[in-house]
Amino acid sequence: MLDYKKAIGEIIAKELPQLSFGEIKEMIEIPQDSKMGDYAFPCFRLAKELKKSPQIIAGELAEKIKGDIFEKVEPVNAYVNMFISKETLGRDTIKSVLEEGENYGCSNLGEGKTVIVEFSSPNIAKPFHIGHIRSTVIGNSIYKIYKALGFDTVRINHLGDYGTQFGKMISAYRRWGNKEDVEREPIKTLLGYYTKFHEEAEDDPSLEEEAREIFAKLEKGEPEEVALWQWFRDESLKEFNRVYKMLDIEFDSYAGESFYSDKMPRHEEELEKSGILVESRGAKIVDLEDQGLGVALIKKSDGSSIYITRDIAAAIYRKETYDFYKNIYVVASQQSLHFQQLFAILRLMGYEECADGCVHVPFGLVRLEAGTMSTRHGRVVFLEDVLNRAVEKTKEIILEKNPNADNVEEIAAQVGIGAVVFNELSNNRIKDYTFKWETVLNFDGETGPYVQYTHARCCSLIKRAGEDVSSKAEALGKSGEVRYEYLTSEGAHELIKLLYQYPQVVIQAGEKYEPSVITRHIVDIAQAFNKFYHDEHIITEDDNEKLAKMSLVIATRNVIRNGLQLLGVKAPERM
């Protein structure tokens, strides 16, 4: 497909030898108001060199810009406004969308480069709650975006399966637990033990010391502690995988913190030899005060490790195993200092290339209306409950509108879960938000169900037009032989422009690690399509007009489907 910005840059470069092609391309803008053109070139910076006013330069330049791709070129104040030929844009865009199908929006930008995405990473024996949804769905979408951009992608679920909390869990189980309750409801039962431990520890501080001693035994590989830990891990993963199945999310590796326990001594030795590691009150630290990053605790005074120690081992292991181009951590913004310290320590250790490829992608927190969530105090909303409730709510809405609807269970799951995921990916990831049922399950406005319904509407039109018409429209669209004069209305042109921009939007989403860029764009496509649908008669008596409009319907369906796929949301054909 023609890169119009590049083509315009090449035309202007011939008239302005004072500027490089790169400078010119960088200066070309897309006006917010389409009445000001599809592209605009500002002339302010040329005034000094050409010793003319920007308005005169714009007028002279507009006279010289020629080409079949333009419908018109006009100077407005200090800008040259360029309007792309509607028929040319329609032909190029629809041809590309229909030829490329599911691959439209994909590219080979990342060919030969490996990107690791670490996401979700819940703690073993603790609830998979609504707070985990952000890392889980943002990370899954970033993985899909980078895969679409041609990178070799690796999904890692860095399970929180190590640390002092397991000393607390084992202590609590031995005091108050029983096997039958854990096997019946693993997470809720273990959460109950964990909560009780903290309640009792407030009155009996010796419990904390007991927990530390138990974890020290676990680190040393004592058989009883290891067996209990492994059991908690296995039972937790059964529950987690049930949620991942609902979200249609898979991982290439579940190598959690425990995986790196035998790899830490090598790096602790490196830190010691380099003189970076110093002793402080019996503990081992790295002083990063000179970088404004405070002090990083590497080893506690009792000799046990903490998670930054394991993260050092994990980052180096990943570099040596995968030779990554990027190692992306999708972790809450609360951990920003931790990752700054981690990357700084890797550089001090001499692993500059590894550190340069590491990226922390932070996101805002989820709060409950009653206050901040706390596993310690048992104040959580289970993610599985949220997804199940969304599905039930959707089922009620479907049956209310159509009591005889088919495949209700399947569609309700696709739309209900899609609503929750889309809601998470709708806003800039860095924003905090308060979890409210009425917001998550709102099926009106700029929501997942609205976009899914638009996709289903496209599918319905394709079915109504009939197999012969749809097949012919698709074939003509692929060959560029559709009568594009029927797609020059304002509504059709605005929709086509959005379809044309989609591949660049995928690239932007990857560069910014921001799925909401795609979410907003496919909402815009859905809104533009629905305007086109309401303003124009699509299945007309005129065969040429009908085939042209159906080619646009099929292209719209494809792009919405592709966009939803990158978000991890299903695209049902009926709703």
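# Exercises on a predicted protein model

Helix α5 passes helix α23 in a left-handed crossing. The structure you are looking at is a predicted model, and these exercises walk you through it.

**Exercise 1. Describe how helix α5 and helix α23 are placed relative to each other, and name the residues that meet.**

Solution. 
- Step 1: Find the two helices. Helix α5 covers residues 86–100, and helix α23 covers residues 543–567.
- Step 2: Describe the pair. Two packed helices are described by the angle between their axes and the distance between the axes. For α5 and α23, the axes come within 9 Å and cross at roughly 55°.
- Step 3: Name the arrangement. Angles from 65 to 115 degrees count as roughly perpendicular, and those under 35 degrees as roughly parallel.
- Step 4: List the partners. On the α5 side the contact is made by I94, V97 and L98, and on the α23 side by S551, L552, I554, A555, N558 and V559.
- Step 5: Sort them by type. Seven residues of this contact are nonpolar, two are polar and none is charged.

**Exercise 2. Helix α23 also meets helix α19: at what angle do their axes cross, and which residues make the contact?**

Solution. 
- Step 1: Locate α19 at residues 448–465. Its axis and that of α23 come within 9 Å and cross at roughly 145°.
- Step 2: α19 passes α23 in a left-handed crossing.
- Step 3: Read off the residues. From α19 come V451, Q452, T454, H455, C458, C459, L461, I462 and A465. From α23 come M550, V553, I554, T556, R557, I560, R561 and L564.
- Step 4: Sort them. The contact of α19 with α23 holds eleven nonpolar, four polar and two charged residues.

**Exercise 3. Decide whether helix α12 is parallel or perpendicular to helix α13.**

Solution. 
- Step 1: Find α12 at residues 264–274 and α13 at residues 307–322.
- Step 2: Take the angle. The two axes come within 9 Å and cross at roughly 105°.
- Step 3: Apply the cut-off. Values from 65 to 115 degrees count as roughly perpendicular, so α12 is roughly perpendicular to α13.
- Step 4: Look at the contact. M264, R266, H267, E268 and L271 of α12 meet T309, R310, I312, A313, I316 and E320 of α13. These residues divide into five nonpolar, two polar and four charged.

**Exercise 4. Which residues touch the most other members of the largest nonpolar core, and which element gives this core its largest share?**

Solution. 
- Step 1: Start from the core, which has 150 residues. F41 and I328 touch the most other members.
- Step 2: Find the main contributor. Helix α23 supplies twelve residues, the largest share of this core.
- Step 3: Look elsewhere. Another core, of 30 residues, lies apart from the largest one, and I116, I156, L288 and F339 are among its residues.

**Exercise 5. Classify R212, E49, A125 and Y513 as buried, partly exposed or exposed.**

Solution. 
- Step 1: Recall the cut-offs. Buried means under 20% relative accessible area, exposed means over 50%, and partly exposed lies in between.
- Step 2: Take R212, in helix α10 (residues 206–219). Its relative accessible area is 32%, so R212 is partly exposed. R212 touches T164 and D302, not counting residues up to four places away in sequence.
- Step 3: Take E49, in helix α3 (residues 47–50). Its relative accessibility is 51%, so E49 counts as exposed.
- Step 4: Take A125, in the loop between β4 and α6. A125 has 0% relative accessibility and therefore counts as buried. Its phi is near 70°, a positive value in a residue other than glycine.
- Step 5: Take Y513, in the loop between α21 and α22. Its relative accessible area is 12%, so Y513 is buried. Y513 also has a positive phi, of about 50°, although it is not a glycine.

**Exercise 6. How many helices and strands does the protein have, and what percentage of its residues is buried?**

Solution. 
- Step 1: Count the elements: there are 23 helices and twelve strands.
- Step 2: Take the burial. Of the 575 residues, 55% are buried.

Definitions and conventions:
Residues numbered from 1 in each chain as written. Predicted model: local features only at pLDDT ≥ 70, side-chain atom pairs only at ≥ 80, totals over all residues. Heavy atoms only, no water. Axes fitted to C-alpha atoms, helices over the stretch in contact; angles between N-to-C directions. Helix = DSSP H or I, 4+ residues; strand = E, 2+ residues; numbered from the N terminus. Left-handed = near helix turned anticlockwise from the far one by under 90°. Contact = heavy atoms within 4.5 Å. Nonpolar A, V, L, I, M, F, W, Y, C, P; charged D, E, K, R; others polar. Core = buried A, V, L, I, M, F, W, Y, C linked by side-chain atoms within 4.5 Å. Buried < 20%, exposed > 50% of the residue type's maximum accessible area, 1.4 Å probe, protein only. Parallel < 35°, antiparallel > 145°, perpendicular 65-115°, else oblique.
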